[in-house]
Amino acid sequence: MRNLKSAAIALAALALSVAPFAAAKAQDFPSRNVTMIVPFAAGGPTDTVARLIAESMSRSLGQQVVVENVGGAGGTRGAGQVAKAAPDGYTILLHHIGQATSATLYRKLPYNVLTDFEEVGLVTDVPMTMIGKSTLEPKDAAALIAYVKEKKDGVIYGNAGVGSASHLCGMLFMSAIGTPMTTVPYQGTGPAMNDLVGGQIDLMCDQTTNTTGQIKAGKVKAYGVTTPNRLKSLPDIPTFKEGALPGFEIAVWHGLYAPKGTPKVTIDKLNAALLTALQDPKVIARFADLGTEPVALERATPEVHEKFLAAEVAKWKPVIEQAGVFAD
Ligand code: MLT
């Protein structure tokens, strides 16, 4: 018992001796590059949001925020890498609604979505569009629904893996029309888009940050947007609410995270740089071109983000359990 007590005293003394060093290090943050992990392949919608935010944060932090793409397992591979990173602010995660849905979709996740991260702040909500290869037969959403009901698993639907927003959108669409399609997972919807434009797959539901350019260039067929109202950036694309599939709505929110235990002073510096990015005219203009906008600043705080994430995990849990779609 005496040994146990002296070991505890020694440990406490050690903790007290290193605390000032850790605090001094946090005060100096950032003294080198910051890595922003994007849990999907380069060239996709999440990557697009990340690079815009990272460029602005680099300027305000005075250090490079370097985007690193770590795809796989619907975003959970990249998220897991950040959950296990040193809690010093030098490894952060830009992720989206998949952070909430993966808590239910993956029953054996190597991390806990609600306790292994520090939320830094919400970033943006991005609408989705259902798009087809340019040669796909149906002319509009109603015809597409009839076509999928007839062809069933003869229709090839591309997504970024179970846990991705493109997977969630596809799951909601298939359950709304009561018909499964054949799904093909990619490391991100960047590579999936290449196959859709090339005609190797038939259909995909993806974020406007990836689809707007291809739609305007006529390289894919747009069937509808998943927002209640039409988008200024794509005014001719109808909403599913207008008739084809009322109730089929989804917007993909994005947030910034650090590993659990990252000092508050560091989180506050990252949050301040995020808030500056959300007010950056270049970010605002590019987001607008791509059909989205920064969240309101009062939503971009760590406290609001933490509460919002917990609410989203609770919101999607019954929906996913009802659909019976699990990754493992
Ligand atoms: C998704 O969840 O579908 C992702 O947005 C895909 C991506 O960013 O590549």
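**Words and their cut-offs**

Tutor: Apart from neighbours within four places in sequence, Q207 has P45, T46, H96, V126, P127, M128, A165, V252 and H254 in contact with it, where contact means heavy atoms within 4.5 Å. The model is a predicted one, in which local features need pLDDT of at least 70 and side-chain atom pairs count only at pLDDT 80 or more, while totals for chains, interfaces and linings use all residues. Residues are numbered from 1 along each chain as its sequence is written, and side-chain values use heavy atoms, with hydrogens and water left out.

Student: Why is Q207 called buried?

Tutor: Buried means under 20% relative accessible area, exposed over 50%, and partly exposed in between, with a 1.4 Å probe and protein chains only. Q207 has a relative accessibility of 2%, and therefore counts as buried. This residue is in strand β7, residues 203-207, a strand being a DSSP run of E with at least two residues, just as a helix is a run of H or I with at least four, both numbered from the N terminus. Q207 and A251 lie 44 residues apart in sequence, yet 8.4 Å apart in space, C-alpha to C-alpha.

Student: What makes A73 and K152 partly exposed?

Tutor: A73 has a relative accessible area of 41%, so it is partly exposed, and K152, at 43% relative accessibility, is likewise counted as partly exposed. A73 sits in the loop between β2 (65-69) and α3 (76-83), whereas K152 is in the loop between α5 (141-151) and β5 (156-159).

Student: What makes a set of residues a nonpolar core?

Tutor: The set consists of buried Ala, Val, Leu, Ile, Met, Phe, Trp, Tyr and Cys residues joined through side-chain atoms within 4.5 Å. The largest such core here has 78 residues, and M36, I53, M57, M130, F173 and L203 have the most contacts inside it. Helix α6, residues 165-177, gives the largest share of this core, 8 residues. At least three residues of the core come from each of domain 1 (7-126 + 253-323) and domain 2 (127-225), with bounds taken from an automatic or database domain assignment. Leaving aside neighbours within four places in sequence, I53 is in contact with M36, V123, L274, A277, L278, V283 and F287. A second, separate core has 13 residues, including Y186, M204, V220 and L234.

Student: How many residues does each domain bring to the contact between them?

Tutor: The centres of domain 1 and domain 2, taken over C-alpha atoms, are 28 Å apart. Domain 1 brings 30 residues to the contact, and domain 2 brings 23 residues.

Student: Why is α6 called oblique to α11?

Tutor: The axes are lines fitted to C-alpha atoms, for helices over the stretch in contact, and angles run from 0 to 180 degrees between N-to-C directions. Angles under 35 degrees count as roughly parallel, over 145 as roughly antiparallel, 65 to 115 as roughly perpendicular, and the rest as oblique. The axes of α6 and helix α11 (residues 302-323) come within 11 Å and cross at roughly 60 degrees, which means that α6 is oblique to α11. Their contact is made by L168, M171 and L172 of α6 and W316, V319, I320 and A323 of α11.

Student: And what makes α2 roughly antiparallel to α10?

Tutor: The axes of helix α2 (residues 45-61) and helix α10 (residues 281-289) come within 10 Å and cross at roughly 165 degrees, so α2 is roughly antiparallel to α10. In this pair V49, L52, I53, E55 and S56 of α2 meet K282, V283, R286 and F287 of α10.
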